[in-house]
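Keep the structure open while reading.

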Amino acid sequence: MDGRRYSFLLVALALVFISMGASLAQGQGKAGNNKKAPYDAASTHYEVLKPSKKGQEKFLCLARGACNGKHLACPSQCPERKPKKNKKNKGCFVDCSSKCEVTCKWRKPHCNGYGSLCYDPRFVGGDGVMFYFHGAKGGNFAIVSDDNLQINAHFIGTRPQGRTRDYTWVQALAVMFDRHTLVLAAKRVSQWDDSFDAFIVRWDGEEVNVPTDGEAEWRAMGSDEREVVIERTDKTNGVKVTVAGLVELNVKVRAIGEEENKVHNYQLPANDAFAHLETQFKFTNLTDLVEGVLGKTYQPDYISPVKRGVPMPMMGGEDKYQTPSLYSPLCKACKFKGQVDFASI
């Protein structure tokens with residue numbers, strides 16, 4: 001190669017590197033202006049824009065990835081994220097993650113859907129198989145136990161005279177991750193009233209007041225820059241919880257009515273409506289070895305041992321999943337590797 005051609009090649013390479021450097025600097029500057037936490041809740045990371053003339057809400061997505069900077073709008077079938085008549089109208093769900101879409105959904109747990117925990121307690125696993133797990137009155141059990149997530153449930157119940165087991169319901173959930181504990185619980189009430197908010201929310205031991213006006217939501221940034229969002233899905237007794245990068249929960253508080261008490265012969269005392277939680281979980285990034293009453297049903301090679309075709313297929317495992325308290329990540333099969341700050345609970 002002669003000197004002239006060699007000099008020309010050096011100049012060309014220099015120009016390429018200069019161009020690459022400018023592009024990189026520009027990209028870094030852009031990222032710096034829109035810095036996001038490593039665990040921002042992508043599905044809820046958006047800016048609310050002025051609605052259309054027809055009242056359809058619009059949004060500018062701020063989440064990282066392909067949806068960043070995209071404009072989304074609620075369809076006419078569900079023009080609002082938080083309709084006032086929640087029980088009659090579906091809400092608009094905005095997802096600024098890689099899905100980059102809006103959908104119409106009921107803002108409540110779907111008790112026949114995957115990852116549901118309702119009634120006395122009836123589960124639908126990640127494999128779609130329905131089963132019952134009765135636990136024990138006053139007991140605490142690991143519903144999910146994974147490397148970065150532990151969810152325990154506290155059971156309440158009663159045992160009428162002549163029965164060999166307890167009737168049980170889930171009264172509280174403790175969601176543990178990183179160094180935090182989020183508790184969702186139902187207050188004990190003697191008589192049920194839909195207008196009374198029986199929800200209790202605690203964040204690291206401190207009771208949280210989720211607003212009922214405006215956006216009707218509460219947000220926190222965890223110690224690992226993981227965003228937590230709790231939004232009301234009804235005026236009372238309904239919330240959606242998002243722990244970014246780990247789990248979403250749709251939770252509703254309900255009680256046992258007089259008719260239900262008679263049909264099932266629960267024989268509940270007159271001074272306790274047995275308020276409890278109905279919940280549907282949606283998990284993100286579970287490991288293949290996840291454990292727990294519900295968690296194990298998300299293992300890739302899991303085969304349900306419950307008997308099919310019977311009215312109440314039973315799941316055992318009380319001895320494997322019982323924990324010393326609602327806040328303890330310890331059980332025979334538990335695998336949570338986080339560090340719960342018990343001093344703050």
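Phe-336 has a relative accessible area of 12%, so it is buried, the cut-off being under 20%. The model is a predicted one. Phe-336 sits in the segment after helix H3 (318-321).

Which residues does Phe-336 touch, leaving aside its neighbours within four places in sequence? The contacts include a run of Ser-145, Asp-146, Asp-147, Asn-148, Leu-149 and Gln-150. Met-176, Phe-177, Asp-178 and Pro-329 complete the list. Asp-146 is 190 residues away from Phe-336 along the chain, yet the two C-alpha atoms are separated by 5.0 Å.

## The eight-stranded sheet

Eight strands form an open sheet. Their order is E8-E7-E6-E19-E18-E17-E16-E15, and the pairing is antiparallel. Strand E8 (130-132) and strand E15 (217-221) are the edge strands, each pairing on one side only. From one strand to the next, the twist averages 15°.

Within this order, strand E6 (residues 116-118) pairs with strand E19 (residues 276-283). Two bridges hold that antiparallel pairing. Ser-116 stands opposite Gln-280 in E19.

## The three-stranded sheet

Another open sheet has three strands, in the order E1-E2-E3. Its pairing is antiparallel. At the edges are strand E1 (46-49) and strand E3 (71-73), and each pairs on one side only. Here the twist averages 30° from one strand to the next.

Strand E2 (residues 58-61) runs antiparallel to E3, and three bridges join them. Phe-59 is opposite Leu-72 in E3.

## The E4-E5 hairpin

E4 and E5 pair in the antiparallel sense, over five bridges. Cys-92 has Cys-104 in E5 as its bridge partner. Five residues lie between the strands of this hairpin. Cys-100 takes a positive phi there, near 50°.

Is E4 mostly covered or mostly open? It is mostly covered: five of its five residues are buried. Both faces are covered. One side carries Gly-91, Phe-93 and Asp-95, the other Cys-92 and Val-94, and all are buried.

## Disulfide pattern

How many disulfides does the structure hold? There are six. Each such link is a covalent bond between the sulfur atoms of two cysteines.

The pairing then reads 1-6, 2-7, 3-5, 4-8, 9-10, 11-12.

## Links to the E4-E5 loop

Cys-61 and Cys-96 form a disulfide with sulfur atoms 2.0 Å apart. This pair links distant parts of the chain, 35 residues apart. Cys-61 is in strand E2, while Cys-96 is in the loop between strand E4 (91-95) and strand E5 (101-105). The torsion about the S-S bond of Cys-61 and Cys-96 is about -70°, so this disulfide is left-handed. Cys-61 counts as buried because its relative accessibility is 1%. Cys-96 is buried too, with a relative accessible area of 0%.

A disulfide also joins Cys-67 to Cys-100, with an S to S distance of 2.0 Å. Cys-67 lies in the loop between E2 and E3 and Cys-100 in the loop between E4 and E5, so the pair ties together parts 33 residues apart in sequence. With 70° about the S-S bond, the link of Cys-67 and Cys-100 is right-handed. Why is Cys-67 counted as buried? Its relative accessible area is 1%. Cys-100 has 23% and is therefore partly exposed.

## The Cys-331 and Cys-334 disulfide

Cys-331 and Cys-334 form a disulfide as well, and their sulfur atoms are 2.0 Å apart. Is this disulfide left-handed or right-handed? The torsion about the S-S bond is about 105°, so the disulfide is right-handed.

Cys-331 has 17% relative accessibility, so Cys-331 counts as buried. Cys-334 has 19%, so Cys-334 counts as buried too.

How values were computed
Residues are numbered from 1 along each chain as its sequence is written. This is a predicted model: local features need pLDDT of at least 70, side-chain atom pairs count only at pLDDT 80 or more; totals for chains, interfaces and linings use all residues. Side-chain values use heavy atoms; hydrogens and water are left out. Two strands pair if DSSP finds at least two bridges between them. Helices (H or I, at least four residues) and strands (E, at least two) are DSSP runs, numbered from the N terminus. Axes are lines fitted to C-alpha atoms, for helices over the stretch in contact, and angles run from 0 to 180 degrees between N-to-C directions. A disulfide is a pair of cysteine sulfur atoms within 2.5 Å. Buried means under 20% relative accessible area, exposed over 50%, partly exposed in between (1.4 Å probe, protein chains only). Contact means heavy atoms within 4.5 Å.
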